[in-house]
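Here is a friendly walk through a protein model, one question at a time. Have a look at it first, and then we can start with an aromatic residue.

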Amino acid sequence: MKKLTVILLTALLLLSGCATAEKPENPYRLKTYTTESSIAGIPQSSIRCDYFYSENGQICRWDSYWKGELHRSEYPEYDEYGNIIRSTVTNSDGTQTVEEHILTLDEAHRILRDEVYVSDSCQEISEYAYDKAGNQTMQTLVRYPKTTEDPSITCRIDKTYDENGNLLREDVRWNEKLPTHTDYSYTNGKPEKVSNYDEHDRLTDYTMYSYDETGLTVTLTTYAADGTLEETVVNTYDEYGNLLTNEHRNETMDRNGKTVYTYELINQKDAA
């Protein structure tokens, strides 16, 4: 499912970590990340993203490269509270807007609606609902067909939480099909196991999490329902908790990938 600023959010969610021990104040901000992947030792893709900041420290642009060539640039716009409310994506030479996101927020600055436009035509709308504690309890998606031959796509995700605000279960229903679901279990307030089930409530795979002494996620190991190892993800960090590398290996497809993150000092002048 397409999300707003997929590249940005993927990186920043990983970089946020989940540390519990006190760390020194972080003087760095994300500058680039590069992902290389291969199947059976044969290179498959090379992706790079460069981030640029305004004088007030907000990301004002990020450029995405595919196999060394500039693919697209994205420009976020902010409200007076620093929330992204619009994002415009241009082609490689900046002469054409290829995609636009328009966000509607509530009084608590949470996203209520995300509209995606391509060539001035609305292609996708996502809407969100929250409980009194601020937990996101529902997300709906409508993806409109690009041609008259294509069907519309709908999706609804329902989420339940425990009394501490930990996500316990997600039920996902596509186009009125029977829902699949994901269950979450925790140890000391941190995810320990995430289990996926098909529409007939049969376990398909599960992922185990491990952490370092500061609470940062170090490994994610995914197994098939029968316990066969499927994928391993290993993260490394610097002394401030910034993610340095993210490596994964898919055993079933002989697929390997590595993402490397680089940073710059926050007080460095780098307006685009």
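Q: Is Trp-62 buried or exposed in this model, and what is its relative accessible area?
A: Keep in mind that this is a predicted model. The cut-off for buried is under 20% relative accessible area. Trp-62 falls below that cut-off, so Trp-62 is buried, with a relative accessible area of 1%.

Q: What relative accessible area does Tyr-51 have?
A: The same cut-off, under 20% for buried, applies here. Tyr-51 counts as buried, because its relative accessible area is 0%.

Q: How many aromatic pairs does a search of the whole structure find, and is the pair of Tyr-51 and Trp-62 stacked, edge-to-face or tilted?
A: The search of the whole structure gives 5 aromatic pairs. For Tyr-51 and Trp-62, the ring centres are 6.3 Å apart and the planes make an angle of 40°. Planes under 30 degrees apart would count as stacked and over 60 as edge-to-face, so this pair is tilted.

Q: How many residues apart in sequence are the parts that the pair of Tyr-51 and Trp-62 ties together?
A: Tyr-51 belongs to strand β2 (residues 42–53). Trp-62 belongs to strand β3 (residues 59–66), so the pair ties together parts whose separation in sequence is 11 residues.

Q: Which residues do ring pairs link into a cluster?
A: Tyr-51 and Trp-62 are both in this cluster.

Q: Is the aromatic pair of Tyr-206 and Tyr-223 stacked or edge-to-face?
A: The centres of these two rings are 5.4 Å apart, with 25° between the planes. The limit for stacking is under 30 degrees, so the pair of Tyr-206 and Tyr-223 is stacked.

Q: How many residues apart are Tyr-206 and Tyr-223, and which strands hold them?
A: Tyr-206 is in strand β14 (residues 203–211) and Tyr-223 is in strand β15 (residues 217–224). The pair links distant parts of the chain, 17 residues apart.

Q: Over how many bridges does β12 pair with β11, and over how many with β13?
A: Strand β12 (residues 180–187) pairs with strand β11 (residues 167–174) in the antiparallel sense over 4 bridges. Val-172 stands opposite Thr-180 in β12. On the β13 (residues 190–197) side, where Tyr-186 stands opposite Pro-191, the pairing is again antiparallel. The counts are 4 bridges with β11 and 7 with β13.

Q: What is the phi of Asn-175, and where is Asn-175 found?
A: Most residues other than glycine have a negative phi. Asn-175 is found in the loop between β11 and β12, and the hairpin has 5 residues between the strands. At 36% relative accessible area, Asn-175 is partly exposed. Its phi is positive, near 50°.

Q: Is Asn-188 buried or exposed, and what is its phi?
A: Asn-188 sits in the loop between β12 and β13, a hairpin with 2 residues between the strands. Its relative accessible area is 78%, so Asn-188 is exposed. Its phi is a positive value, near 55°.

Q: Which strand gives the largest share of the lining of the second largest pocket?
A: This pocket has a volume of about 200 Å³. Leu-167, Tyr-184, Tyr-186, Pro-191, Val-194, Asn-196 and Tyr-209 line the pocket. The elements that give two or more residues to this lining are β12 and β13. The largest share, 3 residues, comes from β13.

Q: Which residues does Asn-91 touch, leaving out those up to four places away in sequence?
A: Asn-91 lies in the loop between β5 (84–90) and β6 (97–105). Asn-91 is buried, with a relative accessible area of 18%. Beyond its sequence neighbours, Asn-91 touches His-71, Arg-72, Gln-96 and Val-98.

Notes. Residues are numbered from 1 along each chain as its sequence is written. This is a predicted model: local features need pLDDT of at least 70, side-chain atom pairs count only at pLDDT 80 or more; totals for chains, interfaces and linings use all residues. Side-chain values use heavy atoms; hydrogens and water are left out. Buried means under 20% relative accessible area, exposed over 50%, partly exposed in between (1.4 Å probe, protein chains only). Contact means heavy atoms within 4.5 Å. Two strands pair if DSSP finds at least two bridges between them. Rings of Phe, Tyr and Trp (its six-membered ring) pair if their centres lie within 6.5 Å; planes under 30 degrees apart count as stacked, over 60 as edge-to-face and the rest as tilted. On a 1 Å grid over the protein atoms alone, a cavity is a set of points where a 1.4 Å probe fits but cannot get out, and a pocket is an open set with protein on both sides within 12 Å along at least five of seven lines; lining residues have an atom within 4 Å of a point. Grid points are joined across faces, edges and corners, and a volume is the space filled by probe spheres set on the points.
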